[in-house]
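Student: I would like to go through the labels used for this structure and see what each one rests on. Could we take them one at a time?

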Amino acid sequence: MLLIKNGKVFDAVHNEPKIQDILVKDGKIAEIGENLVCDAAEIVDAAGLNVYPGFVEAHGHIGLDGYGIGYEGADYNEHNDILSPQLRAIDAIQPFDFALKEAREAGVTTLNVGPGSANVLGGTFAAIKPVGKRVDKMCVKKETAMKCAFGENPKRCYRDKADSTRMSTAAKLREMLFQAKEYNEKLLQAETDPSKKPAFNMKLQSLLPVIRGEMPLKAHAHQADDLFTALRIAKEFGVKITLEHVTEGHLIAEELAEENVMLAVGPTLGHASKFELRNKSWTTPGVLNQAGCHVSIITDSPVIPQKYLPLCAGLAVKAGMDPFEALKAITINPARHIGIEDRVGSLEVGKDADIVITDGCPFEVATQVKYVFIDGKNCL
């Protein structure tokens with residue numbers, strides 16, 4: 001058991017922090033309140049310190065595009081098949097990636113990681129905690145979303161093989177969704193008529209959770225037109241979708257607010273390295289939030305090192321985002337984006353005891369992380 005005493009608690013639920021205690025039992029938050037007592041608990045005196053939920057990354061490739069391994073050793077993009085929904089991040093995540101250690105030391109306690117954007121369909125993401133030796137034991141959720149990609153990346157990677165325009169990217173995704181829908185219908189018919197059972201198809205089988213509304217498409221899209229294409233296709237097939245990167249989101253904020261989909265914004269730190277990033281701005285998260293959108297801030301690690309997720313929230317605040325909304329954008333919002341808000345993302349009774357204690361605001365460069373607890377265990 002663990003008892004954190006007298007910290008200023010920023011729970012990502014209430015706008016204003018309070019001086020409170022947090023009691024942890026069996027890796028879960030058991031009680032939050034004032035003047036808590038537990039003789040059997042280890043005491044952490046957080047007087048004068050700030051207490052936050054563990055930070056959550058909604059979209060990255062850490063553990064697949066590992067620290068210091070370069071292009072040759074990276075496992076986040078399949079380059080031989082533009083349609084690869086059957087791939088799963090859990091089969092390539094490297095638990096000993098040094099970047100995972102950096103992440104947890106910076107207070108990032110949950111990460112949604114998966115394939116890159118080379119392919120129109122790239123496979124499934126997984127939500128993990130950055131501690132452990134075996135990915136199966138690190139997982140919060142083994143399959144959170146099905147990656148798809150629009151814009152320049154599929155075109156660039158397959159220009160001489162299979163894809164050279166935005167039209168062909170959209171057509172390939174539609175074709176796979178049509179096939180998966182038909183495959184699903186035949187499987188349903190086969191429940192009463194076994195003769196109608198289709199031949200097994202690994203790719204179509206992998207898309208069944210998408211077609212059945214059990215898993216969202218996770219759509220890589222920077223430009224406004226690509227964002228709308230992603231939404232158009234999702235509506236055509238009646239599937240769930242989240243929008244990832246949303247670089248030009250501030251240009252179409254009202255339209256995105258009407259769609260009521262979850263947005264992961266970033267990576268914003270750094271140079272606009274390609275045409276579709278030319279409108280990149282730190283104002284984007286705040287503008288989208290003010291329009292009523294559900295916003296998460298992402299690093300797309302290792303594009304931005306994972307340890308700088310809190311700094312990215314701070315830069316969004318500097319550009320006009322409300323500080324409480326920025327905190328939510330790296331805690332409870334990404335937890336909801338991933339579909340694991342019942343476990344992580346806020347300091348509430350019953351949730352995993354993922355707790356970060358700092359000597360100041362984590363958005364500021366000079367702030368030091370004093371403690372990081374994952375499932376109630378100190379990871380520093």
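Tutor: Start with axes: these are lines fitted to C-alpha atoms, for helices over the stretch in contact, and angles run from 0 to 180 degrees between N-to-C directions. The model is a predicted one. In it, the axes of helix H5 (residues 166–190) and helix H6 (residues 202–211) come within 9 Å and cross at roughly 85 degrees.

Student: Why are H5 and H6 called roughly perpendicular to each other?

Tutor: Angles of 65 to 115 degrees count as roughly perpendicular. The crossing angle of H5 and H6 is roughly 85 degrees, and the two helices are therefore roughly perpendicular.

Student: Which residues make the contact between H5 and H6?

Tutor: From H5 come Met176, Leu177, Gln179, Ala180, Lys181, Tyr183, Asn184 and Leu187, and from H6 come Lys203, Leu204, Gln205, Leu207, Leu208 and Ile211. Sorted by class, the contact has 9 nonpolar, 3 polar and 2 charged residues.

Student: What makes lysine 5 and aspartate 21 a salt bridge?

Tutor: The criterion is a side-chain nitrogen of Lys or Arg within 4 Å of a carboxyl oxygen of Asp or Glu. For lysine 5 and aspartate 21 the closest N and O atoms are 2.9 Å apart, so the pair meets the criterion. Lysine 5 is in strand E1 (residues 2–9) and aspartate 21 in strand E2 (residues 18–25), 16 residues apart, and the pair links distant parts of the chain. Both residues are buried.

Student: How many salt bridges does the structure hold?

Tutor: The structure holds 22 salt bridges. Another of them joins aspartate 375 and lysine 129, at 2.7 Å from N to O.

Student: Why is the pair of aspartate 375 and lysine 129 said to tie together parts of the sequence?

Tutor: Aspartate 375 lies in the loop between strand E17 (369–374) and strand E18 (377–378), and lysine 129 in the loop between strand E9 (126–128) and helix H3 (135–138), so the parts tied together are 246 residues apart in sequence.

Student: How do you know whether aspartate 375 is buried, exposed or partly exposed?

Tutor: Buried means under 20% relative accessible area and exposed means over 50%, with partly exposed in between. Aspartate 375 has 32%, so it counts as partly exposed. Lysine 129 has 3% and therefore counts as buried.

Student: What caps the N-terminal end of H2?

Tutor: Aspartate 97 does, with a side-chain oxygen 3.1 Å from the backbone nitrogen of alanine 99. A polar contact requires a pair of N or O atoms within 3.5 Å, and the distance here is 3.1 Å. Just after H2, glycine 107 has a positive phi of about 95 degrees.

Student: Which residues of H2 are buried, and what do they pack against?

Tutor: In H2 (residues 98–105) the buried residues are Ala99, Leu100, Glu102, Ala103 and Arg104. They pack against strand E7 (108–113), E9, H3 and E17.

Student: Why is proline 115 called buried?

Tutor: Its relative accessibility is 8% and buried means under 20%, so proline 115 counts as buried. This residue is found in the loop between E7 and strand E8 (121–124). Beyond four places away in sequence, proline 115 touches His61, Tyr76, Ala89, Gly122, Gly123, Thr124, Phe125 and Lys147.

Student: What makes isoleucine 22 a buried residue?

Tutor: Isoleucine 22 has 0% relative accessibility, so it counts as buried. Its place is in strand E2. Residues in contact with isoleucine 22 include Leu2, Ile29, Val51, Leu347 and Ile355.

Student: How do you know that the side chains of histidine 245 and histidine 220 are in polar contact?

Tutor: The contact is 3.1 Å, and the cut-off is 3.5 Å. The side chain of histidine 245 also reaches the backbone oxygen of glycine 266 at 2.8 Å. Histidine 245 lies in strand E13 (residues 241–245) and, at 2% relative accessibility, counts as buried.

Methods. Residues are numbered from 1 along each chain as its sequence is written. This is a predicted model: local features need pLDDT of at least 70, side-chain atom pairs count only at pLDDT 80 or more; totals for chains, interfaces and linings use all residues. Side-chain values use heavy atoms; hydrogens and water are left out. Helices (H or I, at least four residues) and strands (E, at least two) are DSSP runs, numbered from the N terminus. Angles under 35 degrees count as roughly parallel, over 145 as roughly antiparallel, 65 to 115 as roughly perpendicular and the rest as oblique. Contact means heavy atoms within 4.5 Å. Ala, Val, Leu, Ile, Met, Phe, Trp, Tyr, Cys and Pro count as nonpolar, Asp, Glu, Lys and Arg as charged, and the others, Gly among them, as polar. Buried means under 20% relative accessible area, exposed over 50%, partly exposed in between (1.4 Å probe, protein chains only). A polar contact is a pair of N or O atoms within 3.5 Å; within protein, one must be able to donate a hydrogen and the other to accept it, and residues adjacent in sequence count only if both atoms are side-chain atoms.
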